[in-house]
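Me: Hi! I'd like to go through this one together. Can we start with the charged pairs and then look at the helices?

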Amino acid sequence: MKTWHGVTIGGGVVSLGALFVVFGGFYNVSAQDEHFPLVGWALHKTMESSVRSRSRDIEAPDLEDLDMIRQGASAYESLCAACHLKPGMSDTVLRQGLNPAPPDFTEVMATSPEEQFWVIKNGIKMTGMPSWGETHEDKELWELVAFIQKIPSLSSQEYRSLVSYQNKQATSPKNTDGHDHEHGDMSSMTAQESPRHDDGHDHEHGDMSSMTAQESPRHDDGHDHEHGDMSSMTTQENKNRNDGHENQDH
């Protein structure tokens, strides 16, 4: 009886302590503040186990299909490169501000194509990884997965050739992957420099005007939804701005 009494008291103390931490505002949720090592490890292992469990019954199509890879190249340039990089790119303004840092797809990934498909489709809570399954068909997502398998072996020129090849095949001159929804003009997200958007500081914000618009100019790739103009989020420097600040991003 005394043992159970002690357990009850101990449980109550732990619960009160947890409530104190939750409502007291002591835990710093800033993306600039790293997790404690144990917390970071626990969160990452939980994510890995969750994805592995939920992707177990997924069957991948033929990911060597050249048409799929080409379609995926154009979509990757529009949707993924700003966070997950591309050959010849070491960092982006957007990527620098994300915690946890997104995986670098220019390196060989330890995850399986089935796991990658599940993550692309469903997203990951509180990481900045969106659920592309909300706006894309499974076939389109497998095209991305097919291209992701090839990225580590591509040079910068080979990457550009794959992206530009698909763009030339469609009716729109750019930002097209052969589907009937819109990706929008996101070209400057993956550029080393962006057009000038001056606010008095010598770092870049980029042209994100289309993200706040109700409609965006159409950049047709065969899909009937849009991604918006987020192109400058990957830019690393702007030589045209100077107000005495030396920082590169917020």
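This is a predicted model: local features need pLDDT of at least 70, side-chain atom pairs count only at pLDDT 80 or more; totals for chains, interfaces and linings use all residues.

Me: How many salt bridges does the count come to?
Reply: The count comes to 6. Another one of them joins Lys45 to Glu48, with 3.2 Å between the closest N and O atoms.

Me: How many residues apart are Lys45 and Glu48?
Reply: They are 3 residues apart, about one turn of the helix, and both lie in H2 (residues 37–54). Lys45 is partly exposed at 35% relative accessibility, and Glu48 is partly exposed too, at 25%.

Me: What does Glu77 meet in a salt bridge?
Reply: The side chain of Glu77 meets that of Lys86, at 3.2 Å from N to O. Both Glu77 and Lys86 are buried.

Me: Switching to helices now. How many residues of H3 are buried?
Reply: H3 is mostly covered, with 12 of its 14 residues buried. Among them are Arg70, Ser74, Glu77 and Ser78.

Me: What span does H3 reach, first C-alpha to last?
Reply: H3 reaches 20 Å, close to the 20 Å expected at 1.5 Å a residue.

Me: At what angle do H3 and H7 cross?
Reply: The axes of H3 (residues 66–79) and H7 (residues 138–150) cross at roughly 90° and come within 7 Å. That makes the two helices roughly perpendicular, because angles of 65 to 115 degrees are classed that way.

Me: Which residues in H3 meet H7?
Reply: On the H3 side, the residues are Met68, Ile69, Gln71, Gly72, Ala73, Ala75, Tyr76 and Leu79. They meet Trp142, Glu143, Leu144, Ala146, Phe147, Ile148 and Lys150 in H7.

Me: How many residues of that contact are nonpolar?
Reply: The contact of H3 with H7 has 11 nonpolar residues, along with 2 polar and 2 charged.

Key. Residues are numbered from 1 along each chain as its sequence is written. Side-chain values use heavy atoms; hydrogens and water are left out. Axes are lines fitted to C-alpha atoms, for helices over the stretch in contact, and angles run from 0 to 180 degrees between N-to-C directions. Helices (H or I, at least four residues) and strands (E, at least two) are DSSP runs, numbered from the N terminus. Angles under 35 degrees count as roughly parallel, over 145 as roughly antiparallel, 65 to 115 as roughly perpendicular and the rest as oblique. Contact means heavy atoms within 4.5 Å. Ala, Val, Leu, Ile, Met, Phe, Trp, Tyr, Cys and Pro count as nonpolar, Asp, Glu, Lys and Arg as charged, and the others, Gly among them, as polar. A salt bridge is a side-chain nitrogen of Lys or Arg within 4 Å of a carboxyl oxygen of Asp or Glu. Buried means under 20% relative accessible area, exposed over 50%, partly exposed in between (1.4 Å probe, protein chains only). The expected span of a helix is 1.5 Å times one less than its number of residues.
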